[in-house]
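This report walks through one predicted model, from overall fold to single residues. Terms are given their cut-offs where they come up.

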Amino acid sequence: GDLSYVHDQSISSATWNIAHNLGKLPSVTVVDTAGSVVIGNINYTDVNNLVLVFNDGFSGQAYVN
């Protein structure tokens, strides 16, 4: 099946650096600690790393598929 990764961002930040090691440019869904979906900019560093940039800092999870 297809690989996925869940990133836990426990420290509030407007920039999230994620090493997912999936070997592809994945789709990403981000939720804050209240469970609300948050929209940001995705910058793919390479097929194993990406950076999410938001207007404000917060903590939550990124679901990477």
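## Terms and basis

Helices (H or I, at least four residues) and strands (E, at least two) are DSSP runs, numbered from the N terminus. Valine 53, for example, lies in strand 5.

The model is predicted: local features need pLDDT of at least 70, side-chain atom pairs count only at pLDDT 80 or more, and totals for chains, interfaces and linings use all residues. Residues are numbered from 1 along each chain as its sequence is written, and side-chain values use heavy atoms, with hydrogens and water left out.

## Overall fold

The protein chain has zero helices and five strands. Along the sequence the pattern reads β-β-β-β-β. The radius of gyration is 11 Å, close to the 11 Å from the globule rule for 65 residues, so the protein chain is as compact as a globular protein of that length. Here the radius is taken over C-alpha atoms, and the rule is 2.2 Å times the number of residues to the power 0.38. Along the principal axes, the C-alpha atoms fill a box of roughly 30 × 20 × 20 Å.

Of the 65 residues, 29% count as buried. Buried means under 20% relative accessible area, exposed over 50%, and partly exposed in between (1.4 Å probe, protein chains only). The accessible surface comes to about 3900 Å², and carbon and sulfur atoms hold 48% of this surface. These areas come from the Shrake-Rupley method with a 1.4 Å probe; for residues, only the protein chains shown count as cover.

## Strand pairing

Two strands pair if DSSP finds at least two bridges between them. Strand 1 (residues 5-19) runs antiparallel to strand 5, with 11 bridges. In this pairing, tryptophan 16 has leucine 52 of strand 5 as its bridge partner. Strand 2 (residues 28-32) is also antiparallel to strand 5, through five bridges. Valine 28 stands opposite valine 64 in strand 5.

Strand 4 (residues 41-46) and strand 5 (residues 49-64) are antiparallel too, joined by five bridges. A hairpin of two residues connects strand 4 to strand 5. Asparagine 41 is bridged to valine 53 in strand 5.

## The aromatic cluster

A pair of aromatic rings is described by the distance of the centres and the angle of the planes. Rings of Phe, Tyr and Trp (its six-membered ring) pair if their centres lie within 6.5 Å; planes under 30 degrees apart count as stacked, over 60 as edge-to-face and the rest as tilted. The whole structure holds three aromatic pairs. One of them is tilted: tryptophan 16 and phenylalanine 58, at 5.1 Å centre to centre with 50° between the planes. Tryptophan 16 lies in strand 1 and phenylalanine 58 in strand 5, so the pair ties together parts that are 42 residues apart in sequence.

Both tryptophan 16 and phenylalanine 58 are buried. The ring centres of phenylalanine 54 and phenylalanine 58 are 4.8 Å apart and their planes meet at 70°, so that pair is edge-to-face. Phenylalanine 54 is buried as well. Ring pairs link Trp16, Phe54 and Phe58 into a cluster.

Histidine 20 lies in the loop between strand 1 and strand 2. Is this residue buried or exposed? Histidine 20 counts as buried, at 4% relative accessibility. Not counting residues up to four places away in sequence, histidine 20 touches Tyr5, Pro26, Val47, Asn48, Asn49, Leu50 and Val64. A polar atom of the histidine 20 side chain lies 3.0 Å from the backbone nitrogen of leucine 22.

Asparagine 21 is found in the loop between strand 1 and strand 2. Asparagine 21 is exposed, with a relative accessible area of 56%. From asparagine 21 to valine 47 is 26 residues in sequence and 7.4 Å in space, C-alpha to C-alpha.

## Valine 53

Valine 53 is partly exposed, at 32% relative accessible area. Beyond its neighbours within four places in sequence, valine 53 is in contact with Ala14, Gly40, Asn41 and Asn43. Valine 53 and histidine 20 are 33 residues apart in sequence, and their C-alpha atoms are 16 Å apart.

Terms used:
A polar contact is a pair of N or O atoms within 3.5 Å; within protein, one must be able to donate a hydrogen and the other to accept it, and residues adjacent in sequence count only if both atoms are side-chain atoms. Contact means heavy atoms within 4.5 Å.
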